[in-house]
Amino acid sequence: MKILFLGDVMGRAGRSAVQAHLPRLRKDWRLDFVVVNGENATSGMGLSGDHAKALLEAGADVITLGDHAFDQKDMLTFIGQEPRVIRPLNYSKAAPGQGARVFTAPGGRKVLVAQVLGQVFMKRPFDDPFSVLDAVLRQYPMGGQVQASLIDIHCEATSEKMATGHFCDGRASVVVGTHTHVPTADAMILPGGTAYLTDAGMCGDYNSVIGMEKAEPMRRFVTGMPKARFTPALDEATLSGLYVETDDRTGKAVRVEMVREGGRLTAAGPS
């Protein structure tokens, strides 16, 4: 199976990049399944129902969220109506929606998608991500219940992301980090056959401070004083993510490539 994961979509620039590039990439790379993290797609804070629809129409099969899952209040109701939007497994137990779900890819193949929030350096105390992941992976083993599985680990600490990758090694096809908006250079297949990347980066304008217009973040760093709201940068965005090929029989990864398409970053992707 050919799977594409795209990192945090950041504001209008990120949405535009997904809409401009994803339909072509689906065709050119013959993608079977696409997962997009959309939690910053609406003004850099959360995801609205309308913008979720736009990402799905552009070619996403599933959208994951994150700690900003419900910053846009209409997502509280939209997520219950749209099963292709996933919120973190270890979010509040009162939160609507689901944190893991099995989807159908071409040929009737089953794909598990799940997301968890990390605990280290996060502003709110979320439940233990490892125990909830363990339960889901036990329920949907690769090569049995599902032909592939993808875990989005949304957190600050690179160490926690790497620990999650090793915890899931051999039990998930892909473990990929999101949240920090900067792509790491450690795409690899772990010893047990799990494709791993510490952070996929963002689909956004990299002439920015992690996707935001530079002036206000820089002012706060220099002076320690806020003056205005953060606003997403609007120049051409780079589509950043991870491409993985898996073995349908075992669910294990057989190829992994970083993806960077358009914008300022050096291009990368499957040849």
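A: Start with Arg24 and Asp28, whose side chains meet in a salt bridge at 3.9 Å, N to O. A salt bridge here is a side-chain nitrogen of Lys or Arg within 4 Å of a carboxyl oxygen of Asp or Glu.

Q: Where do Arg24 and Asp28 sit relative to each other in helix 1?
A: They are 4 residues apart in helix 1, so about one helical turn separates them. Helices (H or I, at least four residues) and strands (E, at least two) are DSSP runs, numbered from the N terminus.

Q: What kind of model is this?
A: This is a predicted model, where local features need pLDDT of at least 70 and side-chain atom pairs count only at pLDDT 80 or more, while totals for chains, interfaces and linings use all residues. Residues are numbered from 1 along each chain as its sequence is written, and side-chain values use heavy atoms, with hydrogens and water left out.

Q: Which residue forms a salt bridge with Arg24 at 2.9 Å?
A: Glu261 does, with 2.9 Å between the closest N and O atoms. Glu261 is in strand 14 and Arg24 in helix 1, so the pair ties together parts 237 residues apart in sequence.

Q: Is Glu261 buried or exposed?
A: Glu261 counts as buried, at 18% relative accessibility. Buried means under 20% relative accessible area, exposed over 50%, and partly exposed in between (1.4 Å probe, protein chains only). Arg24 is partly exposed at 34%, and Asp28 is partly exposed at 49%.

Q: What about Asp248 and Arg109?
A: Their side chains form a salt bridge at 3.0 Å, N to O. Asp248 lies in the loop between strand 13 and strand 14, and Arg109 in the loop between strand 6 (100-104) and strand 7 (110-117), so this pair ties together parts 139 residues apart in sequence. Asp248 is partly exposed at 29%, whereas Arg109 is buried at 17%.

Q: New topic. What is the strand order in the open sheet?
A: The open sheet has 6 strands in the order 5-4-3-1-13-14, with mixed pairing. Two strands pair if DSSP finds at least two bridges between them. Strand 5 (85-86) and strand 14 (253-261) are the edge strands, each pairing on one side only.

Q: In which sense do strand 3 and strand 4 pair?
A: Strand 3 (residues 33-37) and strand 4 (residues 62-64) are parallel, over 3 bridges. Asn37 has Thr64 in strand 4 as its bridge partner.
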